[in-house]
Amino acid sequence: MEFSELIKTATVEDVVLWRPGLPAVRGTLCITSHHLLLSSCPRGDLELWLLIRNVDAVEKRVQNLGCYQPPRSGGSLRDTSVSGSSGSITLRCKDLQVLQLEIPGMEECLNIASSIEALSSVDSVMMMYPFFHRPPSLRLRQGWHLCPPERHFQQVASQTSRWRLSTVNRDFSACPSYPAAVIVPAAVGDDTVAKAAQFRQGGRFPVLSYFHPKNGTALLRSSQPLTGPKRRRCREDEKLLGAILDEGGRGFILDTRSAQAAKQARMSGGGAEPKSSYPQWRRLHRALERGRPLQESFAKLAEACGEPAPSVERWLGRLEGSRWLGHVKAGLSAACLAAQCLDSPPCPKTPGSPRREGCSVLVHGAEGTDATLLVTALAQLILDPACRTLEGFQALLEREWIQAGHPFQLRCARSASGHTRGKQEAPLFLLFLDCVWQLSRQFPFSLEFGEQLLLTLFDNAYASAYGTFLCNSEKERSLCGVKENTHSLWAWLNQPEEQHKYLNPLYSHNPSVIWPSVEPQSIQLWQGFFLRWIRPSQHLDEAWEEIRRLVEGNNSCIKEGTGKRQSQSLPEPTLPAGTRELLLPTGNAEGQDGDKGQQITEKPADHTKNPQQITPKKTPDHTKTPQQIPPKTLSRSPKKTQITPKSPRSHKKTQIPPSNPQITKKNQT
């Protein structure tokens, strides 16, 4: 198939572009194989550069501009008015942007609409834009090895020896949606793992997702067991799960379906782990929506946000009717439950009572590729401070979403406005990003990345110039040669000139667990996403730029002050006559700093000044005993810089209070 066959009209003159909140632009419209371009007239500035894959729905309307009028009496045929027509095309994009194009000529309008629909529906992965995009600043294969399973295993192996890296899936025969290497219990062999894979839907046997070093507990994920109506058993699967727990230990199976849904799944060949076969595991149910209900919820909320000037009652009613915030609350609640099971502190052992401590958790739903990944990724974000850094968050997405087999191509084929919705579309990844945004709002200093990164991730998951989110599994990416023929999104984001856009200027490392509030009052609408094309963000962007500038300025002041203090601690120079020396302590309370003190010298007063401007100093009475002599007090000139002793906590990183920028400006001065 050639792209030229899909483009019926490539260029149209005198097209008007309308965007909400922006003035209309008139120019020349051009369609390429992957982009829609609009160049304004007469200056020729490029006003629109839209990736056609980003188009979710095309709405066209043809209207008449005139009608036939017969010539007036005594007039000629030149006085007749010839009928004409034009059309308008409304493009509803996957990122919720709405564009309207007014195109002169009915035929041109229909041809443009037909071309956009055909180009936006190309299903062949190798015909998509990432296989043609070649940015000059990047090279192929760069950034594709951000978090290989081998690196993750090395981190786990440095903390425990109970897990091993298995290559049972090296040819993707055991599980087509898993990566080639996975982490399994060291006590079971690959034969046992392979047989356990046959007992799980899609071959998704239990694998390690996260090892919690605090309690030695493990977070695992899988798909549902194929028990069926006859309650089938699999000794290998039971052995695999039994090898995770110590003798007499307990674990939890967090099922992301309701108990009724799990019971119904058993009638169709699925089911859940029976207590009789897994006596050490206790099953918990936390129902999370997926598939069509979640897609309809997203569509209802997007439609409500796009309604012009609704009343308060109507807006609140439509917001509640979408049930989107309820899905966000349910996702956070399930993740908190998994994190609490892992992080439960050991209780003091008392006579006659067993010792209670953190338990390992296995998370699964039906297929284990949607809500399961949402829970395991959020639980790690809550527990592990390394996942809250920019690099750690990218590794988390790579490990728990991309390599774990979330079917991005199926789930993100259509967004909120797609008229032809299939059974496979579901905004699970958007729900995860919304939950992360809720965490960043409740803990504004604990995440190194900001909202802009979350928006960029959504845009690239649905329509991208990079191959990171292409295909549905590692097996498909291997067959299509994605890593060999496309660029990685991480390589682009981690460039120094790009990376600073996604950093949180208020970030301060927080080693603690962050427990979000899941009360209804704490869950808010993500306005930065749902209203970003409706609400002007200029003032908010300017405020964040000012915060970033203040923080950078303050950091430079701190570095300069540190350099000055270090220069003052050099070998002592010869002091002139009459110079007094003062020793100030600089170490912290625990004596962690190596310096014993800081020397400050004060020169004698200049007596050549006007005598009236000289403040006389009191001379101590040396006739008193040494115990009666009060300590000397240094009086400094106001022109000299005052140097105060370090605080006992001066070894910690200086933080900028966000609520009082005036203090920051004062420090800069």
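In what follows, Ala, Val, Leu, Ile, Met, Phe, Trp, Tyr, Cys and Pro count as nonpolar, Asp, Glu, Lys and Arg as charged, and the others, Gly among them, as polar. The model is predicted, so that local features need pLDDT of at least 70 and side-chain atom pairs count only at pLDDT 80 or more, while totals for chains, interfaces and linings use all residues. Residues are numbered from 1 along each chain as its sequence is written, and side-chain values use heavy atoms, with hydrogens and water left out.

**Exercise 1.** Describe the largest cavity by its volume and its lining.

*Solution.* A cavity is a set of points, on a 1 Å grid over the protein atoms alone, where a 1.4 Å probe fits but cannot get out, and its lining residues have an atom within 4 Å of a point. Grid points are joined across faces, edges and corners, and a volume is the space filled by probe spheres set on the points. A search of the whole structure finds 4 cavities of 30 Å³ or more, and the largest of them holds about 200 Å³ of space. This cavity is lined by 19 residues, of which R53, M128, A461, Y462 and L470 are the closest to its centre. By class, the lining divides into 14 nonpolar, 3 polar and 2 charged residues. Helix 13 (451-462) and helix 11 (408-411) each supply at least two lining residues, and helix 13 gives the most, with 3 residues; helices here are DSSP runs of H or I with at least four residues, strands are E runs of at least two, and both are numbered from the N terminus.

**Exercise 2.** Characterise the second largest cavity in the same terms.

*Solution.* About 160 Å³ of space lies in this cavity, and its lining has 16 residues, with P179, A181, L208, R221 and R399 the closest to the centre. Helix 2 (149-157), strand 9 (182-185) and strand 10 (207-212) are the elements that give two or more residues to this lining, which comprises 12 nonpolar, 2 polar and 2 charged residues.

Note on methods: On a 1 Å grid over the protein atoms alone, a cavity is a set of points where a 1.4 Å probe fits but cannot get out, and a pocket is an open set with protein on both sides within 12 Å along at least five of seven lines; lining residues have an atom within 4 Å of a point.
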